[in-house]
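This report describes the structure shown below, feature by feature. It is meant to be read with the model open.

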Amino acid sequence: MRRPTLTRPTGSDVSAGLVTGLFSIPEGMAYAAIAGFNPVAGLFSGVLPVIAGSLTARTVLMVTTLTSAIALTSQSVLSAAGLNPADAGNVALLAVMTGLVMVLMGVLRLGAVMSFVSNAVMTGFSTGIALQIITGVLKDATGYQPHGHNKLVQLGDWLLHIGSWQLATTLVAVATVAVWALAHAVRRLETVALLVAMVVVSVAVALLGTDVELVKGIAAIPASLPHLTMPDWSTFGTLVGGAVSVALVALAQAAGIAPTVPNPDGSRSDMNRDFLAQGAANVAGGLFQSLPVGGSLSRTGVAVAAGARTRWAGIFSGLWLAVIVLACAPLAERIPMPVIGGLILVVGGELIWGRRHDVILVWRTSKLSTAAMALTFLATTQLPLQQAVILSAVLSLLLYCAQAARQARLVALVRDTNRQWTPAPVPARLTSRSVTVLHYEGVSLFAELPRIDQHWPDIGDAHQPVLILSLRGLPDVPTSGMIKLLRRRATELNHAGGRLILAGVDPPLMATLHNTGLANALGPNGLVPDDGPIMAPLERAAAQAEQWLTEQD
């Protein structure tokens, strides 16, 4: 697996960048407006941040820009801190601080933490975010603003008030979805179906004079590039926790991009480098009128659907958007908002449809995973997103611990007719003057102790029993609780005239066992190092056990 490089751009990258750049105008402004920010800040979130992120990310097709989840979380964070979301200095500070948090996490190589976010939790989170995307544009698509304390209630309220939908607005949104579907069904137009729908319906609305809201009704698009905006550092202390929340939301969303959109050239993605890339995008963008940004699954999906092949697609997206803003701002202002609503409904629907296999897989895999997926989905649709992210992380940790504890077990090893070690059920009792071999499978979490203790063979009235515990392949150094368990079992065997031997002990574990005094409790030759062929430590331990029994005669 090689590292990604900055290769020459292809024609499809140029066209994909154009489609993504055009799509960034309505989507970026809509997401910013949904969260109560200046829509122009959402527009500029698609210029410098996208270029910086695409230049540095290891996931080469990832588009780093504003998402609805980030916009909503940012608004929640600023409101909780008592800061005005319309103040450019507050927005710049939050974006820069979010970027610094991402850079710090990348430097500390905390990308591995995202590996502990289970597929079940990520599926629930992504589906919930997709629902948020859809509910966020229902007003643009139908002219009716749904009411409710959470997204599910809002969706229900929207469906119950079909009579309140504005006919012209709804027809334009429906026409947008229909034109997209027709274009998407044509193979040559599949990659530009979103652009075709945007242009065709926008032109039709202009020619027919249909009375619907236009982009210029949200805000005027300045025919200029973003200018330098300094953060208001006086509020630094009030936004530290909020910046961490926004960073976690952004990174959690971006974590699903690399598995979903692998690098076309076969190069390796790197979560830590992606953290650094998103951090750089936030710091650079925050100084130039951008809202906090992160890897956008929806915008990446637009780029890929439009034919993106290299990181140049993202770079061209930012460049095209800058050119469009400079040269065609009046035309961009005439894009109908129902067209935006229809296109975002398509993107949100595709995100949910794309997750259907994961939902079915989680459902069929485990009831515990299904519960975690459902809880994450409900949290994402009903709680502030920064709280939903924390809950998702806790659920992932609990799910991991529960699964690890369930998988921990002891397996007996016995010799077959060819004197090869084969698995067998753990005996209920040890027998006198015989060698019992057990192999430990687990990750030495404290939650495993009851299961290990429960399946440990009883000594009963056995005399001089020897128990060999194979630890080769143990993922890490046992906890203090596991050390106490082994010490207690070694003492019980010593009282019965027997002994406990640990086989396959690697150097870190060897040092721990000596430091904790367990090595002394096991006695001479109680620790067999992990070296040589795979079964060599076990063979040496068995030979030492047989020799020890012979010496007791």
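## Basis

The structure is a predicted model. Residue numbers count from 1 along the chain as its sequence is written.

## Nonpolar cores

In soluble globular proteins, nonpolar side chains tend to be buried together. Here the largest nonpolar core has 87 residues. Within this core, Ile25, Ile221 and Leu239 have the most contacts. Helix H1, residues 11–34, is the element that gives the most to the core, with nine residues. Another core, of 30 residues, lies apart from it, and its members include Ala408, Ile452, Leu500 and Leu513.

Which residues does Ile221 touch, not counting those up to four places away in sequence? They are Ile25, Met29, Leu43, Val215, Val325, Ala329, Ala332 and Glu333. One of these partners, Ile25, is also among the residues with the most contacts inside the largest core.

## The largest pocket

The volume of the largest pocket is about 710 Å³. It is lined by 37 residues, and those closest to its centre are Leu297, Ser298, Gly301, Glu350 and Leu351. The elements that give two or more residues to this lining are helices H4 (68–80), H6 (119–136), H9 (167–185), H10 (193–208), H11 (240–255), H14 (297–305), H16 (337–354) and H17 (356–365).

Helix H14 supplies the largest share of the lining, seven residues. By residue type, the lining of the largest pocket divides into 20 nonpolar, 12 polar and five charged residues.

## The second largest pocket

The second largest pocket has a volume of about 530 Å³. Of its 31 lining residues, Ile34, Leu72, Gln132, Lys151 and Gln154 are the closest to the centre. Two or more lining residues come from each of H1, H4, H6, helix H7 (138–142), helix H8 (151–160), helix H18 (367–382) and helix H19 (385–407).

Helix H4 gives the most to this lining, with four residues. The lining of the second largest pocket is made up of 12 nonpolar, 15 polar and four charged residues.

## Salt bridges

Side chains of opposite charge can pair when their charged atoms come close. The count for this model comes to eight salt bridges. One of them joins the side chains of Arg489 and Asp453, at 2.6 Å from N to O. This pair links distant parts of the chain: Arg489 is in helix H21 (residues 480–495) and Asp453 is in helix H20, 36 residues apart. Arg489 is buried, because its relative accessible area of 9% is under the 20% limit. Asp453, with a relative accessible area of 27%, is partly exposed.

Arg489 also meets Glu492 in a salt bridge, at 2.9 Å from N to O. Both residues lie in helix H21, three residues apart, about one turn of the helix. Glu492 is partly exposed, with a relative accessible area of 30%. Another salt bridge is formed by Arg540 and Asp531, whose closest N and O atoms are 2.7 Å apart. Both partners count as partly exposed, Arg540 at 30% relative accessibility and Asp531 at 37%.

## Met510

Met510 lies in helix H22, residues 507–515. Is Met510 buried or exposed? Met510 counts as buried, because its relative accessibility is 18% and the limit for buried is under 20%.

Leaving aside neighbours within four places in sequence, Met510 is in contact with Val505, Leu527 and Pro529. The C-alpha atom of Met510 is separated by 55 Å from that of Leu152, a residue 358 places away along the chain.

## Positive phi angles

Gln289 has a phi near 65 degrees, a positive value in a residue other than glycine. Gln289 is found in the loop between helix H13 (271–286) and strand S2 (294–296). At 23% relative accessibility, Gln289 is partly exposed.

Gln464 is not a glycine, yet its phi is positive, at about 55 degrees. The loop that holds Gln464 runs between helix H20 (449–455) and strand S6 (466–470). Gln464 counts as buried, at 11% relative accessibility.

Methods
This is a predicted model: local features need pLDDT of at least 70, side-chain atom pairs count only at pLDDT 80 or more; totals for chains, interfaces and linings use all residues. Side-chain values use heavy atoms; hydrogens and water are left out. Buried means under 20% relative accessible area, exposed over 50%, partly exposed in between (1.4 Å probe, protein chains only). A nonpolar core is a set of buried Ala, Val, Leu, Ile, Met, Phe, Trp, Tyr and Cys residues joined through side-chain atoms within 4.5 Å. Contact means heavy atoms within 4.5 Å. On a 1 Å grid over the protein atoms alone, a cavity is a set of points where a 1.4 Å probe fits but cannot get out, and a pocket is an open set with protein on both sides within 12 Å along at least five of seven lines; lining residues have an atom within 4 Å of a point. Grid points are joined across faces, edges and corners, and a volume is the space filled by probe spheres set on the points. Ala, Val, Leu, Ile, Met, Phe, Trp, Tyr, Cys and Pro count as nonpolar, Asp, Glu, Lys and Arg as charged, and the others, Gly among them, as polar. A salt bridge is a side-chain nitrogen of Lys or Arg within 4 Å of a carboxyl oxygen of Asp or Glu.
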